[in-house]
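Here are a few exercises to work through with the model open beside you. Try each task before you read its solution.

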Amino acid sequence: MTNRAEMTRRDILKSGAAVATVTLAEGVTLMAFGGSAAEAAGADAGKRWGLLIDASKCATDCNDCVTACKVENGWGSEAENAHIDPEQAAQWIRKVTLKDKETGRVTSAPVMCQHCEEPPCVDVCPTGASMQRPDGIVLVDKHICIGCRYCMMACPYKARSFVHEPLTDQKANSPRGQGTVESCNLCAPRIDTGRIPACVDACEKAGHSAILFGDLKDPDSPISKALKTYPSVALRDDLGLNPGVRYTNL
Amino acid sequence: MAMDQTIYRELKATPGVWQLGVLLIAFIAAAGGAVLYMEHHGHAVTGMNNQIVWGLPHVFAIFLIVAASGALNIASIASVFGKAAYKPMARFSSLLAIALLAGGLAIVVLDLGRPDRLIIAMTTYNFSSIFAWNVLLYTGFMGIVAIYLVVQMFRRIDYRIVRSAGLVAFLWRLALTTGTGSIFGWVVARPGYDAAIMAPMFIAMSFSFGLAVFILVTLVLFRLNDRPVGEELLKRLGRLLGIFAAAVLYFVAVQHLTNLYAAEHIAVERFLLLDGGVYTLLFWGVQVILGGLVPIALVFLNPSRSSTILASVLVVIGGFAQVYVIVVAGQAYPLEIFPGYEVLEGFHEGVVSPYTPSIWELMLGLGGVALALFAAGLGAKVLRVLPTNLSDANVAAKG
């Protein structure tokens, strides 16, 4: 089996990754990665990162991508969810199991931020906190998010969560904030240091390799070749948002 | 045109005025407590969640903001459309418009996840966001209507200046309500929103809700100071309210008929009109019948002082129901992310999202209403905006 992760790693390193150091508060300096508008400007406009999810390879009973995302970004711990309704819990990535109404065929796949080319969440955000990096990654600048939740209204994929409670034990690489909105950032900090997103990594390790990560603008990248070879769909394609996340064998 | 001879006097501080003031302050204080509680514990203590992201506070806020632009109607009818009978009420109409908007905006701001970052919303704009435009439309409205109010209060002023200020305020309020309606109309992702008719429908709603609130607030203040309001004037306002309420029903009917024609929207219409539970009940029972058909029947079939008052109360109640159905039902109805599939497992996929407002949200919403009313009352207490006499003989004398 070809190691797609390795190929994409080289992809990224070739691109010249952008890393920034930011002072969050006096005396607290974190390595922050494309998390604010200023830092995002360092992302490579020559790339457009995307995912191709092969539902036929995704195991219904496997939740490794979700777990990996939780560990990587520090959301969804038991302590965090103990005092809130399930509907109020963060959900950066979720697994769905679908049954074709006509044929009865059952498939499963992860759903996360679809990193639209024309993101409604970015259009509606009053302050510009909801933003798109030059490399196509859509994320929230938590420094200027005022917590109005209009982006959550506008997202067709339910990909965003609002932090409903005070947080403890945050990850240094993924600062979160009570009263602000958050979502999958395609593991921008990992991408900027030449690694692949945590969910992609976990899926590889689980032996499924259902999520292919890569540069949609590079015609020779594995993801571009796969998209050229096999039929794929975008969720809510009718909206014309051109998501960076696509699905095959759904 | 002859100079306006109406005598305007500040509200006298009767015991009733004091009692009402204290009551409103109590509501405002309770809202303040609710806000501190919500900010400390996070929105976890509210009924709002990641599916119903805007809840009861937003219903109160949007009602007040919509009513604010409508409350200005009386002034517009007087200065822009030249109806002299409305002129004595024009000053207070302007003041009430500012007060209602302030109350509504206070709710929106205090419900933010980070209200401490309000300065960011005031200084960092994303001009592709209708929300950002609304920040400018709302602050601009306050400024323009304040200027309009001031020029109305000048003793000797060329009436053309008042008329020009009134025209700018009128056009601005049309833009403002278009912006408010477009918050929903431009959300393409949700089948319950995504309709251009939202903007004109919100304008019709503002005419209706704003006039109803104006009638009720004015009558209470007049009662507190034993100032007379004529029966004929109230019948006239009642008829106008009936026309506005009918206009709202018209837009509602066109919105739903258009949706029913499109196969892709039949499911959401079925939810709203037929089997949406509390939303269906609110729509037909409270919005359409109680808040629409009944007040229209009252003011046209049995025109009287009490009919106008009752119709105003019903329009307010129906208005709240309408905004609740628009805001909450539009989010409760599930997003169709996977057309053609049944979702066996997922995170609330394809099911109606439950929402039970918390007491904190109710306290915040009522506090916003109290703030608006307190500001209007305080304005009437310190400014000469309320006429001493709105009896029919007096109003008729103005032509």
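**Exercise 1. Find which residues of H8(B) and H9(B) meet, then describe how the two helices pack.**

Step 1. On the H8(B) side, look for Pro200(B), Met201(B), Ala204(B), Met205(B), Phe207(B), Ser208(B), Leu211(B), Ala212(B) and Ile215(B); they meet Leu237(B), Leu240(B), Leu241(B), Phe244(B), Ala245(B), Ala247(B), Val248(B), Phe251(B), Val252(B) and Gln255(B) in H9(B). Two residues are in contact if their C-beta atoms, placed from the backbone, lie within 7 Å. Helices (H or I, at least four residues) and strands (E, at least two) are DSSP runs, numbered from the N terminus.

Step 2. Sort that contact by class: 17 residues are nonpolar, 2 are polar and none is charged. Here Ala, Val, Leu, Ile, Met, Phe, Trp, Tyr, Cys and Pro count as nonpolar, Asp, Glu, Lys and Arg as charged, and the others, Gly among them, as polar.

Step 3. Turn to the geometry: H8(B) (residues 198-224) and H9(B) (residues 231-261) pack at an angle of about 150°, with their axes 9 Å apart. That makes H8(B) roughly antiparallel to H9(B), a label for angles over 145 degrees. Axes are lines fitted to C-alpha atoms, for helices over the stretch in contact, and angles run from 0 to 180 degrees between N-to-C directions.

A note on the ground rules: this is a predicted model, in which local features need pLDDT of at least 70 and side-chain atom pairs count only at pLDDT 80 or more, while totals for chains, interfaces and linings use all residues. Residues are numbered from 1 along each chain as its sequence is written, and chains are lettered from A and ligands numbered from 1 in the order in which they are written.

**Exercise 2. Work out which strands form the open sheet of 3 strands, and in what order.**

Step 1. The order is S5(A)-S4(A)-S1(B), with antiparallel pairing. Two strands pair if DSSP finds at least two bridges between them.

Step 2. Check the join between the chains: S4(A) and S1(B) (residues 341-345) run antiparallel and share 4 bridges. Leu98(A) stands opposite Val343(B), and Asp100(A) has Tyr341(B) as its bridge partner.

Step 3. Find the edges. S5(A) (106-112) and S1(B) each have a single partner strand, so one side of each is left without a neighbour in the sheet. On average, neighbouring strands are turned by 40° against each other, direction ignored.

**Exercise 3. Describe the side of chain A that touches chain B.**

Step 1. Chain A brings 46 residues to the contact and chain B brings 38.

Step 2. S4 (93-100), H5 (120-124), H6 (150-154) and S8 (161-162) of chain A each supply at least two residues of that side. The largest share, 6 residues, comes from S4(A).

Step 3. By class, this side of chain A has 23 nonpolar, 12 polar and 11 charged residues.

Terms used. Angles under 35 degrees count as roughly parallel, over 145 as roughly antiparallel, 65 to 115 as roughly perpendicular and the rest as oblique.
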